[in-house]
Amino acid sequence: MKLIVNGQPVEMPEHVTTVQHVIAHFGLENRIVVVEVDAQIVDKHHFADRIVDEGARIEIVHFVGGG
Amino acid sequence: MMAEQDQPSFDRYSRQMSFGPIGTAGQQQLAECHVLIVGAGALGSTSAETLVRAGVGHVTIIDRDYVEWSNLQRQQLYTEENVRQRMPKAIAAKQHLERINANVQIDAYVLDARGEDLERLITGVDLIMDACDNFETRFILNDIAAKYRIPWIYGACIGSYGLSYTILPGDTPCLSCMMDIIPNGGESCDVDGIIAPAVQMVVAHQTAEAFKLLTGNHDALHRKLVSFDLWNNQYTAINIQAMKKQGCSSCGDQATYPYLQSPATEKAAILCGRDTVHLRPSEAMKLDLRTLSEQIRQYHSRQLQVDIMNDFLLSAHRDEQRIVLFVDGRALVHGTTDIQAARQLYIQMINISTVSTR
Ligand SMILES: [Zn+2]
């Protein structure tokens, strides 16, 4: 499946079907993240059940503390 | 006597005043504003320089650290001389900034910002710039901002990545709305490295937002959580207004400001990736560093060697460990991540000194 993640096209492996999978794909599963799918913010409690479709535009922001 | 053309004048801001949305009126507004910058590391020194050059009338800087070699690659206010003198960052920043713009009042405080310090320093502040290197301080700052209804601009970076968000109390979600727990240290770890452009990009967002806020251009505010990765060429902005929580303990109707409630206790923290422990006494002290340094030299020179002392701190070492003791009783113990070992060295130092409570 192809997704647009943070503005760039990314080919996802077969098993990726939910927002949670996308987050894990980028190694952000232990981070605090904000995710938007097709311009709609996704509540973090729904990461695991929010299905992502072919061509979905996903924005992911993860929080960091450095400065 | 300086010739007239050598005197600084309002004309120094001509390019900024020619920028329509700021104009002469906006410049005047900037001159009447007071900005508090929490942290004077990479973000703080960059932010401070921009705001001071821009003519913000009053800038207060808080920082707990001193200048080291590894800072110079990105912390643009500091020099090799500052490193050699182990200057506290807040002091070095003030000295440098005063040479850039003498018309700005700059106050500097060498301290580890806790609630009570911020409550004391917040009077008259129009805006808080986040330049912290840890989430713990940011949550304190978030509570202060919510309690006194002062806007603050979150900014953080690591590697080539950074993000920023402008928090307006009573309007946007706050930091507690965005995350219900304090993220642990892993994400601010120095081992991941950082490049200067990531710092400058975060600060570019923060200071542009600051100009908009301080000159009354609220309609121009970004209002989204912005992030970027300069190495992977990614730019993102998300509208997070929906994250605002009615029952938020920091900004909700029944706010309790949980991060201002923490009791004054002794605190020890391992500074991630720096092989350093930060120790903070339960109450601020006022150490007589000159006498302490003399006592070490006369009676304890077999265990401890004094490296340098200035008006703000004393640096000494014992074998591989180096301790930097500040006037307020805080210490950074380098060369260890063992809190017990750090504390042991600290207590040895404190016991030598004549302690007086502030
Ligand atoms: Zn909140």
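Which residues of helix α10 (residues 289-299) of chain B are buried? They are Leu289(B), Leu292(B), Ser293(B) and Ile296(B). This is a predicted model. Chain A and chain B bury about 2,100 Å² between them. Two cavities of 30 Å³ or more are counted.

**Helix α10 of chain B**

- Leu289(B), Leu292(B), Ser293(B) and Ile296(B) are the buried residues in this helix. Seen down the axis of α10(B), they fall within an arc of 100°, so they line one face of the helix.
- An α-helix has 3.6 residues a turn, so residues three or four places apart point the same way.
- The face turned away from the buried side of α10(B) carries exposed residues. These are Arg290(B), Gln298(B) and Tyr299(B).

**Where the chains meet**

- The size of an interface is often given as the accessible area lost when the parts come together.
- Here chain A and chain B bury about 2,100 Å² between them, and 61% of that area is on carbon and sulfur atoms.
- Phe63(A), Val64(A) and Gly67(A) supply 29% of the area that chain A buries against chain B.
- Chain A brings 19 residues to the contact, and chain B brings 36 residues.
- Asn134(B) is in contact with Gly65(A), and also with Arg64(B), leaving aside neighbours within four places in sequence.

**The largest cavity**

- Rolling a probe the size of a water molecule over the atoms shows where empty space is left.
- The largest cavity holds about 40 Å³ of space.
- Its lining comes from chain B and includes Asn142(B), Trp152(B), Ile167(B), Pro169(B), Cys174(B) and Cys251(B).
- Helix α7 (residues 135-147) of chain B gives the most to this lining, with three residues.
- The lining of the largest cavity has eight nonpolar residues, three polar residues and no charged residues.

**The second largest cavity**

- About 30 Å³ of space lies in the second largest cavity.
- Thr166(B), Leu168(B), Thr172(B), Glu209(B), Leu221(B) and Arg223(B) line the second largest cavity. Leu168(B) and Thr172(B) also line the largest cavity.
- The lining of the second largest cavity divides into two nonpolar, two polar and two charged residues.

- Thr276(B) sits in strand β10 (residues 276-280) of chain B. Its relative accessibility is 0%, so Thr276(B) counts as buried.
- Not counting residues up to four places away in sequence, Thr276(B) touches Ala269(B), Ile270(B), Leu271(B), Leu332(B), Val333(B), His334(B), Thr336(B) and Thr337(B).
- Asn134(B) lies in the loop between β4 (127-130) and α7 of chain B. Asn134(B) is buried because its relative accessible area is 15%, under the 20% cut-off.
- Gln340(B) belongs to helix α11 of chain B. Its relative accessible area is 53%, so Gln340(B) is exposed; the cut-off is over 50%.
- Gln340(B) and Asp133(B) are 207 residues apart along the chain, and their C-alpha atoms are separated by 24 Å.

Terms used: Residues are numbered from 1 along each chain as its sequence is written. Chains are lettered from A and ligands numbered from 1 in the order in which they are written. This is a predicted model: local features need pLDDT of at least 70, side-chain atom pairs count only at pLDDT 80 or more; totals for chains, interfaces and linings use all residues. Side-chain values use heavy atoms; hydrogens and water are left out. On a 1 Å grid over the protein atoms alone, a cavity is a set of points where a 1.4 Å probe fits but cannot get out, and a pocket is an open set with protein on both sides within 12 Å along at least five of seven lines; lining residues have an atom within 4 Å of a point. Grid points are joined across faces, edges and corners, and a volume is the space filled by probe spheres set on the points. Helices (H or I, at least four residues) and strands (E, at least two) are DSSP runs, numbered from the N terminus. Ala, Val, Leu, Ile, Met, Phe, Trp, Tyr, Cys and Pro count as nonpolar, Asp, Glu, Lys and Arg as charged, and the others, Gly among them, as polar. Buried means under 20% relative accessible area, exposed over 50%, partly exposed in between (1.4 Å probe, protein chains only). The arc is that of the directions from the helix axis to the C-beta atoms. Contact means heavy atoms within 4.5 Å. Buried area is the accessible area (1.4 Å probe) that two parts lose on being put together, summed over both.
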